[in-house]
Structure formats: structure tokens, C-alpha cells
Amino acid sequence: MKYHFQYGYTGTREIVIFLDEEGLQDNIWADDDGDICVYKDLTVTFDIDRYLRLMQHLKPLQEIDTQFGRVHMTADIESKSAAETCKIRGTFIEVYYKGNLYIDARWYCDWSMIDFGVYLNMPNQFYTDPAAWFEKEIAAKGIQKAKEVMEAEQCK
């Protein structure tokens, strides 16, 4: 899993996670496994600070009721390899499911109405203290403006 940080168009801090074919191999799922093969890449982008605020609200709830349902948060999900055959819609990350704090990116395909998802393998330190992990990684990698990231991608 490769990732970088950027400022979104509204000034929010975002993490951009890129999964290549190898990163997707054991982590992607779908209602119909045959449709998984069109995904050779996936980019997931979400607002870091919104995620951290959501986690602050979930901590007390998790202590009260560990079996509390699901919590989703908006995310942008794109795939260059699947763009011609699949139109990605309904994109979000699932940040909480009945006591589980793992992050799954989820979407459905407009043309087939099949649900897809991929488990984002965040490091263990992330789950211990997400705020500290984000700050440490941003300090090490830096944070780019969205325009700079787009220009860098176009030059490849």
C-alpha cells in the first residue's frame, strides 16, 4: 500500500491510498468474484480530520456497547483500470463495525449493481493511536496541495 497526504480542494487534510494489483489481491471482495478481475488499481482518498473526529465520538460508544452497528464516512474511490467497464458509485469507508475499527473502502458498480470492498491494511500503530500516526507520517512525508498532486500525476 502506497500513500501520500494532500490538502483537499476545501483545505482539508486528506490521505490518498493507492493499491496496485498486488495490494488488492488478497484484500478485495465483491458480491460476484468474477467482477474483481477488472480492478488492477484502486485509489482511496478520505478526510483525515473528519476520521479523527469520528473516532473521538466512537470511543465512548464503543465502551458502552461494543456490538453497536456500523459507522461509515465518505471517501473518494477511483480505479483507472476499471474505468471503462465499471462506474464506481456510492463510495465510503467503513470505520466501525460491531467493535471492529478496521477500515474497509466500499463501493458499488453502476452498471452491475454489485457491491465491492477492499480492506485497507493500515499499520498496527495506526489503530493504537490514529492521530499520532497521521502526524508522524505527515511530518515524515510532507503534505501536498491537491493541484500539485494532480500535476505530478499528469507528468507520469
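User: Is E94 buried or exposed?

Analyst: This is a predicted model, in which local features need pLDDT of at least 70, side-chain atom pairs count only at pLDDT 80 or more, and totals for chains, interfaces and linings use all residues. Residues are numbered from 1 along each chain as its sequence is written, and side-chain values use heavy atoms, with hydrogens and water left out. Buried means under 20% relative accessible area, exposed over 50% and partly exposed in between (1.4 Å probe, protein chains only). Because E94 has a relative accessible area of 6%, E94 is buried.

User: With which residue does the side chain of E94 meet in a salt bridge?

Analyst: A salt bridge is a side-chain nitrogen of Lys or Arg within 4 Å of a carboxyl oxygen of Asp or Glu. The partner of E94 has its nitrogen 3.1 Å from the oxygen, and that partner is R106. Helices (H or I, at least four residues) and strands (E, at least two) are DSSP runs, numbered from the N terminus. E94 lies in strand 7 (residues 88-97) and its partner in strand 8 (residues 103-109), so the pair ties together parts that are 12 residues apart in sequence; the partner is R106.

User: How many salt bridges does a search of the whole structure find?

Analyst: One of them joins E135 to R13, with the closest N and O atoms 2.8 Å apart. This pair links distant parts of the chain, since E135 is in helix 4 (residues 130-141) and R13 in strand 2, 122 residues apart. Another joins E21 and K40 at 3.6 Å, N to O. The search of the whole structure finds five.

User: Which residue is linked with R13 and E135 in a network of salt bridges?

Analyst: R13 is buried at 16% relative accessible area, whereas E135 is partly exposed at 40%. The network of salt bridges that holds R13 and E135 also includes D49.

User: In what order do the five strands of the open sheet stand?

Analyst: Strands of a sheet pair through backbone hydrogen bonds, either parallel or antiparallel. Two strands count as paired if DSSP finds at least two bridges between them. In this mixed, open sheet the order is 6-4-2-1-10.

User: Which strands stand at the edges of this sheet?

Analyst: The five strands form an open sheet. An edge strand here has a single partner strand, so one side of it is left without a neighbour in the sheet; the two are strand 6 (76-78) and strand 10 (144-145).

User: How many bridges join strand 1 to strand 2?

Analyst: Strand 1 (residues 2-7) and strand 2 (residues 13-19) run antiparallel. Within this pairing, Y7 stands opposite R13. The number of bridges joining the two strands is six.

User: Which residue of strand 4 does I17 stand opposite?

Analyst: Strand 2 and strand 4 pair in the antiparallel sense over six bridges. In strand 4, the residue opposite I17 is V44.

User: How many residues of strand 4 are buried?

Analyst: In a regular strand the side chains alternate between the two faces of the sheet. In strand 4, L42, V44 and F46 on one side and T43, T45 and D47 on the other are all buried. Of its six residues, the number buried is six.

User: What is the bridge partner of T45 in strand 6?

Analyst: Strand 4 and strand 6 pair in the antiparallel sense over three bridges. In strand 6, the bridge partner of T45 is D76.
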